[in-house]
Amino acid sequence: MTGECSCGKVKYHLNGDIVTMYCCHCSKCRKSSGSSFSTLAIARLKDFHLSDGEACLTSTGRDDFRQYYCKHCHAWIYGVSVKSGLGVLLPCGTFSEDPSKKIEFHKYYESRASWVDINDELPKYAEDHNSPALLQMLAES
Ligand SMILES: [Zn+2]
Ligand SMILES: [Zn+2]
């Protein structure tokens, strides 16, 4: 599976499967994406490789989380948790191919934008939620 930023200068590929995919409705996701919510994927960091544009990256940190952006188009491409170091967080909009996975749940649903209601059948967690697959990945360390 491959992905890239909006100008195409930064590209990555993923050698393994995505662990989980979800929508996050928290206010940080809303503000940082400029959209009503984020669609995010978690994969194993060891499966993630930049294939182009490493020199175009810049990053910001908040708490133990570091987020990487393209210097040219300012799109964010991936994020890593400094503490666990196991997972990589990918904004699904960067995907260039079908990830062979669908969104599995909504989290921080109680914090969603007032103009958004989601009418799918997926679980909607009021606050944070970690999927069983993610917890298993963390335990595998
Ligand atoms: Zn770019
Ligand atoms: Zn969020």
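Modeller: Two residues are in contact if their C-beta atoms, placed from the backbone, lie within 7 Å. Among contacts in the chain between residues at least 6 apart in sequence, 60% join residues at least 24 apart. The model is predicted: local features need pLDDT of at least 70, side-chain atom pairs count only at pLDDT 80 or more, and totals for chains, interfaces and linings use all residues. Residues are numbered from 1 along each chain as its sequence is written, while chains are lettered from A and ligands numbered from 1 in the order in which they are written.

I start with the chain as a whole. Its secondary structure consists of two helices and 10 strands; helices (H or I, at least four residues) and strands (E, at least two) are DSSP runs, numbered from the N terminus. Along the sequence they follow the pattern β-β-β-α-β-β-β-β-β-β-β-α. The radius of gyration is 15 Å, close to the 14 Å that the globule rule gives for 141 residues, so the chain is as compact as a globular protein of that length. That radius is taken over C-alpha atoms, and the rule is 2.2 Å times the number of residues to the power 0.38. Along the principal axes, the C-alpha atoms fill a box of roughly 40 × 35 × 30 Å.

Now the core. A residue is buried if 20 or more other C-beta atoms lie within 10 Å of its own, exposed if 12 or fewer, and partly exposed in between. Of the 141 residues in the chain, 27% are buried. A nonpolar core is a set of buried Ala, Val, Leu, Ile, Met, Phe, Trp, Tyr and Cys residues joined through C-beta atoms within 7 Å. The largest one here has 26 residues, and those with the most contacts inside it are Cys24, Ala41, Ala43, Ile77, Tyr78 and Leu90. At least two residues of this core come from each of β2 (11-14), β3 (18-24), β4 (38-44), β7 (65-70), β8 (76-81) and β9 (87-91). The largest share, six residues, is supplied by β3.

Leaving aside its neighbours within four places in sequence, Ala43 is in contact with Leu14, Gly16, Ile18, Val19, Phe48, Val88 and Leu90. One of these, Val88 in β9, stands opposite Ala43. Their strands, β4 and β9, pair in the antiparallel sense over five bridges, where pairing requires that DSSP finds at least two bridges between two strands. Four of the five residues of β9 are buried, so this strand is mostly covered.

From β9 the pairing can be followed back to β8. These two strands are antiparallel and pair over two bridges, with Val80 as the bridge partner of Val88. They form a hairpin with five residues between them, and Gly85 in the turn has a positive phi of about 65°. β8 is also joined to β7, in the antiparallel sense, by five bridges; in one pair, Gln67 has Gly79 of β8 as its partner.

Most residues other than glycine have a negative phi. His74 is an exception, with a positive phi near 65°. His74 lies in the loop between β7 and β8, and that hairpin has five residues between its strands. The residue is exposed, with 11 other C-beta atoms within 10 Å. Tyr108 also has a positive phi, of about 50°, but Tyr108 is buried, with 23 other C-beta atoms within 10 Å. Tyr108 is found in the loop between β10 (105-107) and α2 (132-139).

The hairpin of β6 and β7 has two residues between the strands, and Asp63 takes a positive phi near 50°.

β1 and β2 pair over three bridges, and Gly3 has Tyr12 as its bridge partner in β2.
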